[in-house]
Amino acid sequence: MSSSKNKAPSQKPFDRIGVADYERRRYRGLDQRLVDRRERLLLRRAFARLRSLDPEAWAGPNSPLILDAPCGYGRFTDLIVSEGARLVSSDLARPMVERALEIRDSVHHPGGAAADLRGGLPFKPAAFDYVFSMRLFHHLHASEDRRAVLAEFARVASGGVVMSFYRFRGLHALQRRLRRLLKPSHRDIKMVPGETFEREAADAGFVVDKVYPLFRGIHAQHIVVLRRGQVLAFNKKAKC
């Protein structure tokens, strides 16, 4: 399903020791703590938008069921549950899923599964109300991989998606290139124009409903709310 062209290098799967080390180090620096705080603020706004789009789903006797994919070590588990949702976690690395499951009780966090999103999710159609996906798409360098993942989101979720992608920003792209020259790394990120992301989402049946830049004009990361529909939001200059 994936292409070797323009694909980011593969990484060794995490074991439990690697998960613990990654969790300890990942958001320790001042800049990363600032990013984490800003992401959480914008995600609160994104969930408020979801509730406004379908208030009955959030006011009913059964709280919405959300798939967190990839869940990582569960960095956003508490945030999602605090928004009034139940949560299922999925990640390529089983130890990541196990760590995410440790964070919450089984009532609000009923389960998890290891899965490669590009190869298909092990869930039935419309098994979830929504999908939550943070910091995945900038690792998918091939359009066909991004389209495949979006198609899976559309298959397993009856409602919308809250997710992030890196929209091309010249300043951030230059900063990344300079960083790689000074400190070579196997890691690379894919930035795409907003219209490209929108076309790929539209092919899966989604509309870009709301766009939240992490740091406008400076950072490439954008958090978006996708809903079912056919209107092109970026072409209409969707407001944040």
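A crossing of two helices is called right-handed if the near helix is turned clockwise from the far one by less than a right angle, and left-handed if anticlockwise. Keep that in mind as we walk through this predicted model, in which local features need pLDDT of at least 70, side-chain atom pairs count only at pLDDT 80 or more, and totals for chains, interfaces and linings use all residues. Residues are numbered from 1 along each chain as its sequence is written, and side-chain values use heavy atoms, with hydrogens and water left out.

Let us start with helix 1 (residues 16-25) and helix 5 (residues 94-102), which pack at an angle of about 60° with their axes 9 Å apart. That angle makes helix 1 oblique to helix 5; angles under 35 degrees count as roughly parallel, over 145 as roughly antiparallel, 65 to 115 as roughly perpendicular and the rest as oblique. The crossing of helix 1 and helix 5 is right-handed. R16, V19, Y22 and E23 of helix 1 make the contact with P95, M96, E98, R99 and E102 of helix 5, where contact means heavy atoms within 4.5 Å. By class, this contact of helix 1 with helix 5 has four nonpolar, no polar and five charged residues.

Next, turn to helix 6 (residues 143-156) and helix 8 (residues 194-203), whose axes come within 8 Å and cross at roughly 45°. Helix 6 and helix 8 are therefore oblique to each other, and their crossing is right-handed. From helix 6, S143, R146, R147 and L150 meet T196, R199, E200, A201 and D203 of helix 8. The residues of this contact divide into two nonpolar, two polar and five charged.

Finally, two backbone details deserve a look. Most residues other than glycine have a negative phi, and most peptide bonds are trans. A cis peptide bond, with omega about 0°, joins A69 and P70, and P70 is found in the loop between strand 1 (65-68) and helix 4 (77-82). Phi of A126 is near 55°, a positive value in a residue other than glycine; A126 sits in the loop between strand 3 (111-114) and strand 4 (130-133).

Key:
Axes are lines fitted to C-alpha atoms, for helices over the stretch in contact, and angles run from 0 to 180 degrees between N-to-C directions. Helices (H or I, at least four residues) and strands (E, at least two) are DSSP runs, numbered from the N terminus. Ala, Val, Leu, Ile, Met, Phe, Trp, Tyr, Cys and Pro count as nonpolar, Asp, Glu, Lys and Arg as charged, and the others, Gly among them, as polar.
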